[in-house]
Amino acid sequence: MNVRDEMLAKLQRRKPGYSLEQAFYSDPDYYQLDLETIWYRDWLFMGHDCELPKPGSYMTAQVGAYPVLIVRDAQKNVRAFHNACRHRGSRICSAEKGTAAKLVCPYHQWTYELDGRLLFARDMGADFKPTEFGLKPIHCETVGGYIFVNLSEIAPDFSPVREMVEPYFAPHTLSETKVAFEMTIVEKGNWKLTWENNRECYHCAGSHPELCRTFPEAPGVTGVDAMEEPEIAEHWQRCEAAGLPSQFKISPDGQFRAARMPLLRDAVSFTMSGKAASKKPLSPNVLTPQIGTMLLFHYPTTWNHILGDHASSFRVLPLGPNETQVTTKWLVHKDAVEGVDYTIDELTKVWIATNDQDRRIIEENQFGINSPAYTPGPYSPVHEGGVLQFVDWYCNFMETRLRGASMPHLKVA
């Protein structure tokens, strides 16, 4: 039996309400199938358009085997390319961020326009046709200040994502913000464990003293049954009356969700005091007090918190069967001044602590799963509805694609 058939068989015999079998969290071949079936075929969050403030601004990322380059062109459009020269394949941009008038390969100086066209290639002979050797494009979409890419040759329709999340993003004008601080950590655990940990607060009281000052442990906040909790429904009603889309919405396949959730008591932000981390509101359009946090997740790459004073985005990228990179970015209004309107410590303290606590939780989780004694265990029907929703999404998604036709051809740099 090949690996695809083996994985499919395990998905089909999975016990409902239980965690996955060991191979899904640790086997290199299963990890490769995750890459090929999900990461190389679906829309992935890369960063924010405010990180590309002018033509020539670029950012890079690594998705499995694919180096990705995202750049703002001369017409101010955001574009994405495979970050590999069409000459002999060298990576063109190695920095995580930067600015360049042209995209120049450091190996032999092949030079590309910001729209990917090849402008210069020295001594290539009379028959060489530059028009045939532009950078290979990657599908790229922006919505509400967020940049998504898709590595497949034929990308899924992005419009369902846009139509659902754009109204939630719009009031916050995130394109008019800036990244005040960012950090990247590597968790020595499978990417699915990162997501499972994120999708519940069953562990919060015993693990996250800083976060628990402001973030409610109510199961509906991280789960899928928020509409059953009166306090949340009242919060939605108040925010919607102020013109802020807030009610729980989830895509039919469960891949992405948006909802605005209350914070504890009189808290307005994720700070140790519960007070605003920035004196300058994130957007001049949102001045309603105590709007809580707008939660957005989009599997497999991002979850987010958008508040009245700042926003935090989290990007998940797999590095290996037992390694996952998580990048957190804190956004404030573009005119907010560090040391005057906010301090980095107050802005970031809660999530820096929480991220490190989650890292240790996930790594211990991976240690236990790697044991020959590990067997799948049951999820709490009260507290882990969000985890079950993620695992169900993953299993349904993988089973549908593994049972379907052969993989679409991927663009190869």
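Biologist: At what angle do helix H1 and helix H3 pack, and how far apart are their axes?

Modeller: The model is a predicted one, in which local features need pLDDT of at least 70, side-chain atom pairs count only at pLDDT 80 or more, and totals for chains, interfaces and linings use all residues. Residues are numbered from 1 along each chain as its sequence is written, and side-chain values use heavy atoms, with hydrogens and water left out. H1 and H3 (residues 28-39) pack at about 90°, their axes being 10 Å apart. Axes are lines fitted to C-alpha atoms, for helices over the stretch in contact, and angles run from 0 to 180 degrees between N-to-C directions.

Biologist: Why is H1 called roughly perpendicular to H3?

Modeller: Angles under 35 degrees count as roughly parallel, over 145 as roughly antiparallel, 65 to 115 as roughly perpendicular and the rest as oblique. The angle is about 90°, and therefore H1 is roughly perpendicular to H3. The contact (heavy atoms within 4.5 Å) is made by Val-3, Arg-4, Glu-6, Met-7 and Lys-10 of H1 with Asp-29, Tyr-30, Leu-33 and Asp-34 of H3.

Biologist: How are the residues of that contact divided by class?

Modeller: There are 4 nonpolar, no polar and 5 charged residues. Ala, Val, Leu, Ile, Met, Phe, Trp, Tyr, Cys and Pro count as nonpolar, Asp, Glu, Lys and Arg as charged, and the others, Gly among them, as polar.

Biologist: What makes H1 oblique to helix H10?

Modeller: H1 (residues 3-12) and H10 (residues 385-403) pack at about 135°, with axes 10 Å apart. That angle makes H1 oblique to H10. Residues in this contact include Met-7 and Leu-11 of H1 and Tyr-394 and Met-398 of H10. By class, the contact of H1 with H10 has 7 nonpolar, 1 polar and 4 charged residues.

Biologist: What is a helix or a strand here, and when do two strands pair?

Modeller: Helices (H or I, at least four residues) and strands (E, at least two) are DSSP runs, numbered from the N terminus. Two strands pair if DSSP finds at least two bridges between them.

Biologist: How do you know that strand S2 and strand S3 pair?

Modeller: S2 (residues 57-63) and S3 (residues 66-72) are joined by 6 bridges and run antiparallel. Within this pair, Val-63 stands opposite Tyr-66 in S3. Both strands belong to an open sheet of 7 strands, ordered S1-S10-S9-S4-S3-S2-S5, with antiparallel pairing.

Biologist: What makes strand S1 and strand S5 the edge strands of that sheet?

Modeller: S1 (44-48) and S5 (97-99) each pair on one side only. Neighbouring strands of the sheet are turned by 30° against each other on average, direction ignored. Helix H4 (residues 159-169) packs on the sheet, touching strand S9 (137-143) and strand S10 (146-150).

Biologist: How many bridges pair strand S6 with strand S7?

Modeller: S6 and S7 (residues 111-112) pair over 2 bridges, in the antiparallel sense. Leu-103 stands opposite Tyr-112 in S7. These strands lie in an open sheet of 3 strands with the order S6-S7-S8.
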